[in-house]
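The following paragraphs lead the reader through one protein model, from its overall surface to individual side chains. Please keep the sequence and the structure in view while reading.

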Amino acid sequence: MARKTIGERLAQLEAQRKTLQIRLSKQERAIDTRCKLLIGALVLHRPEHDRDVQIGGGLAAWLRSELPKFLIRDGDRDLFDDLLKPQANEPTIGNIGSGSAV
């Protein structure tokens with residue numbers, strides 16, 4: 001059984017390092033995606049299910065104001081059609097942030 005040279009061993013270790021780095025990057029992206037998904041789920045859930053709860057003076061109104069500027073593609077806008085429709089008895093954008101701090 002022939003022993004590997006130092007150069008061959010270094011090359012093997014470098015290949016293992018690259019493989020591990022790729023796995024780490026993939027894991028970090030998965031965690032980042034999960035965090036965004038959970039925050040997004042909360043943001044979408046609140047205006048839908050807790051109409052009486054006012055987060056920051058009107059989360060739904062703020063989203064209706066900011067999402068159209070943030071969403072560039074028509075397909076993305078289509079995903080938020082229901083959320084972007086104005087609701088009756090909703091605070092106006094001008095009133096957001098004028099309430100008392102919690």
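Predicted model: local features only at pLDDT ≥ 70, side-chain atom pairs only at ≥ 80, totals over all residues.

Residues are numbered from 1 along each chain as its sequence is written, and side-chain values use heavy atoms, with hydrogens and water left out.

The protein contains four helices and zero strands, where helices (H or I, at least four residues) and strands (E, at least two) are DSSP runs numbered from the N terminus. Of its 102 residues, 11% are buried; buried denotes under 20% relative accessible area, exposed over 50%, and partly exposed in between (1.4 Å probe, protein chains only). Among contacts with a separation of 6 or more, 47% join residues 24 or more positions apart, a contact being heavy atoms within 4.5 Å.

L59, L63, L67, L71 and L83 make up the largest nonpolar core, that is, a set of buried Ala, Val, Leu, Ile, Met, Phe, Trp, Tyr and Cys residues joined through side-chain atoms within 4.5 Å. Helix α2 (residues 59–70) supplies the largest share of this core, three residues. Leaving aside residues up to four places away in sequence, L59 touches V43, R46 and P47.

On the surface, a nonpolar patch is formed by I6, L10 and L13, with about 340 Å² of accessible area together. Patches consist of residues with over 30% relative accessible area and no salt bridge, like charges being joined within 9 Å and nonpolar side chains (Val, Leu, Ile, Met, Phe, Trp, Tyr) within 5 Å. I6 lies in helix α1 (residues 6–49) and is exposed, at a relative accessible area of 63%.

The charged side chains complete the picture. There are five salt bridges, each defined as a side-chain nitrogen of Lys or Arg within 4 Å of a carboxyl oxygen of Asp or Glu. One of them joins E14 and R17 (2.9 Å, N to O); because these residues are three apart in helix α1, about one helical turn separates E14 from R17. Another links D32 with K36, whose closest N and O atoms are 3.0 Å apart. D32 is partly exposed at 37% relative accessibility, whereas K36 is exposed at 55%.

Methods:
Areas by Shrake-Rupley, 256 points an atom, 1.4 Å probe, with all protein chains shown as cover.
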